[in-house]
Amino acid sequence: MPTSAAPRSPADAMTRSPQSLASLAPTDTFVRRHVGPSPAEVERMLVEVNASSLSALMDEAMPKFIRVKSPITMDDPTNTGGFAERGEAETIAALRALASRNQVWRSYIGMGYHGTITPGVIARNVLENPGWYTAYTPYQAEVAQGRLEALLTFQTLITELTGLAVAGASLLDEGTAAAEAMTMCVGIVPAAKRAFFVDTACHPQTVAVLMTRAEGQGVRLDIGCPESAAFAAGDYCGALLAYPATDGSLRDLRATAERIHASGAQVVCVTDPMALVLLAPPASWGADIVVGTTQRFGVPMGLGGPHAAFIATKQDHVRRMPGRLIGISRDVNGNPAYRMAIQTREQHIKRDRATSNICTAQVLLAVMAGMYATYHGPEGLRSIAARIHTATSALAASLRAAGHTIVNDTWFDTLRVKVKGGASASVLTAATVKQINFREFADDTIGITLDETVLPADVVDIAACFGATIDAGSARCCCSATSCASEAIPAPLRRSGAMLQQPVFNAYHSESEFLRYIKRLESKDLSLCHSMIPLGSCTMKLNATSEMVPVSWNEFANIHPFAPASQWQGSMSMFTQLESWLGEITGFAGVSLQPNAGSQGEYAGLMVIRAYHAHRGESHRDVCLIPESAHGTNPASAVVAGLRVVAVKCTHDGEIDRADLRARAAEHAKDLSCVMVTYPSTHGVFEETIREVCDIVHGAGGQVYMDGANMNAQVGLTRPGDVGADVCHLNLHKTFCIPHGGGGPGMGPIGVAKHLVDFLPGHPVVRPANAGRFAIGPVSAAPYGSASILPISWMYISMMGGAGLTRATEVAILNANYMACRLKGHYPVKYVNAHGRCAHEFIIDCNGFEKSAGVKVDDIAKRLMDYGFHAPTMSWPEPGMLMIEPTESESQPELDRLCEALISIRGEIASIETGQLPRDNNPLKHAPHTAAVVCGSAWDRPYSREQAAYPAAWLRDFKFWPAVSRVDNPFGDRNLVCTCESVRAYA
């Protein structure tokens, strides 16, 4: 009987048949998953727009002279066989290889960053849930009630801990929150000298961010000891006090606060919310404004972010607060409804007179922090805080017994240790062996900050590093403590009385109830899980699951931002690659990843320009030219950077008025700093004159700042650096797929031309690898901003490759032109180029309907909710218009659904125009229609319930119901309620 041959291994087969390797191309390629329209749909849409090919459409949509001369290319440092289209699995494996080079040590460094335990129910159902992270900023309140309620809970948490009347819905980080508080003080005390006092006991990164901000705003910063400082009348507009101090000490600041108030200045407190669970609220000893970060409320350190910072203040100062504020109003039926309050403070309305340049904040992280407090409740938080404090006190006793000196006599969670015999080096060596990080002070003392993750074995190991002992039983005892009355917290500084007594903090402590609570809120919000969100200039594209998965990896989530760089070499390689790719995409010589929001990117770029002029002996150049159509953040950021805003007119077709630009540039030639332009324009068109605009400004000695908000129309086709820009910020939460998170997080890295590389931002604790020789100060508290979400953009670019990125841009432009073509017979389509083409977004004019039917653009926006859609960008850049950006991720059927909804609404408007429906009693005026209204016993409207709720056939398959009827915004501003506590009385 013949013997059979032994089966060959796969490796052997490949060796013998190299031609078979071609069949091993990945089957899970990504471009076809990210780009919504199929090839067949692309062909059908090209026919609709009368273009022979995508290339031909691009030639008509944008000037040929700005097109890239060769395709964008990116290196492939992971050596997986060229940077062609990768599969999702192999890209994740490549990133895993980078992550494996990170070392997750036990970090007890403190300085505002702490180990924390994210409850699994929050991690899985909020952080990793697209129902929460793909929603947009809640401008359309009726389809955002869940998120708004969660943010109100966050605000209530902060007011309870600080003792102040009102808190915002999150800021970017502790350093920038302190800077915003300084700006508030300048406005509150205008008669005082433009000077601000800063406590030496603040964290060094907070002081450094303040120094950067103060330089731009012309504020003198005095840094010193507040207890010994002479606060003479009118000397300062405010003073920042640390409570606890950066070395852990707890000071009674009542007398100091009284002296500051007597001088006419405001008292600002920077604090730790976990410490405030046990400490007296800052308002009780005189704080007027309180800032800090809620990172340790269940949000991983993430090598620096993102985390939700906070600001709280007195009711008197509410209209000077920066950022978003959530309040309670009512809908048209009198039911309580949440919405963003007093938006007239904000950049999108107030522009250069706004209280801040903040647009994107940290909503997703604020939701997590509020959920953490809801999950644990007041008793749970006390137990956590008591456990941390008791473990710290037990460790202090052990170290003292071993002969070491605890420099600070008071503490919550932090000890500053003077090592016996000056042997700090031996302690650090022992810590290295155990993979433990401590803080190293300049005077050879060592800082230890404990957190809720600490276990009995950790306390034993920490003590052992100092040659001290603590028996396991004692360690277990201190780590299980749920209450404390330690002398390390002086009696006057201990919190007394109840806190967090609102029902939300006391009703959901079983996981079943808590999970249902999360889902109830989630079900009230419209997100990309439900339908496209066509917001112009917001780029609500796919946030793919493979991009999101790495965010939760231990190697990215749980590293301290000030850990030695040797412990995060994988992240450093990822940063370097990402900077290289973004440089190739933009045509710039250098990139900084530090700005942790688009607004911060604008601010950072302008500060780089400011530093460049100063370095050349032209610090007097302080005029910033800004077109009237610019994003509101542009003038607001210019003011934050200390520049004078001069408006430039636009022509009737939306382009920059070159004659006016030339006149303004000539008028301010001696003091011109820069111009801020958006490309394509905010009207959704590639301006043919962009290079002339750049030449005019360069000719007058200025720099060109390009707002990267519309970068989704540029990638792979043109580059800011090639067009003539000197600086550009990139919204990674738009073009490069970081999700909007319902209003944050975002990232706003900047790219700069070669002559500006030397001014890229630095950091006082960990200097970024690409910080310039003449670096500006930090613009964010962490050296790489919100580092833990950078893997999202790394994954996106890596999976797409140069060709895929270019394809995405082409389809984004196709989708916009397809929708414009479908709608132009029903709505006036404004602002197209000479070929009748738009870029990646377009504008429809709804102004005529107010005269013909009494219908305002708001009515159309609200009626779209009944069709299951979030409204496009409303009344910007022109009043009474809708700006629509479909992005490349939406398929033709989804584009058609939105078109059909808008066409159907136009038909309803026609019924009003012809008198078939009354002008004041029709589906648009009553929109949106809730289930309660449609199913109610009374119905006296001249249209059917079916027309109200199911105006399109596809709604029979799935219907998203708005949670409330139309919200009465003016009522909410007149009757400002911004905490949960008042809900019952309000109702």
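Trainee: Where is the place of Pro306?

Mentor: Pro306 sits in the loop between strand S7 (289–293) and strand S8 (309–313). Keep in mind that this is a predicted model.

Trainee: What kind of peptide bond joins Gly305 and Pro306, cis or trans?

Mentor: The bond between Gly305 and Pro306 is cis, and its omega is about 10°. Most peptide bonds are trans.

Trainee: And which way does the peptide bond from Gly744 to Pro745 go, cis or trans?

Mentor: The Gly744 to Pro745 bond is cis, with omega near 20°.

Trainee: Where is Pro745, then?

Mentor: Pro745 is in the loop between strand S20 (727–729) and strand S21 (750–752).

Trainee: Let me step back. How many helices and strands does the protein have?

Mentor: There are 35 helices and 26 strands. The radius of gyration is 29 Å, close to the 30 Å that the globule rule gives for 987 residues, so the protein is as compact as a globular protein of that length.

Trainee: What box do the C-alpha atoms fill?

Mentor: Along the principal axes, the C-alpha atoms fill a box of roughly 90 × 85 × 75 Å.

Trainee: What percentage of the residues is buried?

Mentor: Of the 987 residues, 64% are buried. The protein exposes about 33100 Å², and carbon and sulfur atoms supply 52% of that area.

Trainee: What share of the contacts comes from residues 24 or more positions apart?

Mentor: Counting contacts with a separation of 6 or more, 76% are between residues 24 or more positions apart.

Trainee: Why does Thr162 count as buried?

Mentor: Thr162 counts as buried because its relative accessibility is 1%, and buried means under 20%.

Trainee: What is Thr162 in contact with?

Mentor: Leaving aside neighbours within four places in sequence, Thr162 is in contact with Leu276, Pro281, Pro282, Ala283, Val290, Phe310 and Ala312. A polar atom of the Thr162 side chain also lies 3.3 Å from the backbone nitrogen of Leu164.

Trainee: Next, helix H14. Which residues does it cover?

Mentor: Helix H14 covers residues 363–401, and Pro378 lies in it. Ser398 is found in helix H14 as well.

Trainee: Is Pro378 buried or exposed?

Mentor: Pro378 is buried, at 3% relative accessibility. Apart from neighbours within four places in sequence, Pro378 is in contact with Met499, Leu500, Gln501, Phe505 and Asn506.

Trainee: Which backbone oxygen lies 2.8 Å from a polar atom of the Ser398 side chain?

Mentor: That is the backbone oxygen of Thr469. Thr469 is also one of the residues that Ser398 touches.

Trainee: Changing topic: what is phi for Thr539?

Mentor: Phi of Thr539 is near 50°, a positive value in a residue other than glycine. Most residues other than glycine have a negative phi. Thr539 is in the loop between helix H18 (511–522) and helix H19 (545–548), and at 1% relative accessibility Thr539 is buried.

Trainee: What about phi of Ser875?

Mentor: Ser875 is not a glycine either, and its phi is positive, at about 60°. Ser875 is in the loop between strand S24 (873–874) and strand S25 (881–884). With a relative accessible area of 33%, Ser875 is partly exposed.

Trainee: Last one. Where is Ile905, and what does it touch?

Mentor: Ile905 is in helix H30, residues 892–913, and is buried, with a relative accessible area of 0%. Setting aside residues up to four places away in sequence, Ile905 touches Tyr827, Ile860, Arg863, Leu864, Tyr867 and Leu924.

Definitions and conventions
Residues are numbered from 1 along each chain as its sequence is written. This is a predicted model: local features need pLDDT of at least 70, side-chain atom pairs count only at pLDDT 80 or more; totals for chains, interfaces and linings use all residues. Side-chain values use heavy atoms; hydrogens and water are left out. Helices (H or I, at least four residues) and strands (E, at least two) are DSSP runs, numbered from the N terminus. The radius of gyration is taken over C-alpha atoms; the globule rule is 2.2 Å times the number of residues to the power 0.38. Buried means under 20% relative accessible area, exposed over 50%, partly exposed in between (1.4 Å probe, protein chains only). Contact means heavy atoms within 4.5 Å. Accessible areas come from the Shrake-Rupley method with a 1.4 Å probe; for residues, only the protein chains shown count as cover. A polar contact is a pair of N or O atoms within 3.5 Å; within protein, one must be able to donate a hydrogen and the other to accept it, and residues adjacent in sequence count only if both atoms are side-chain atoms.
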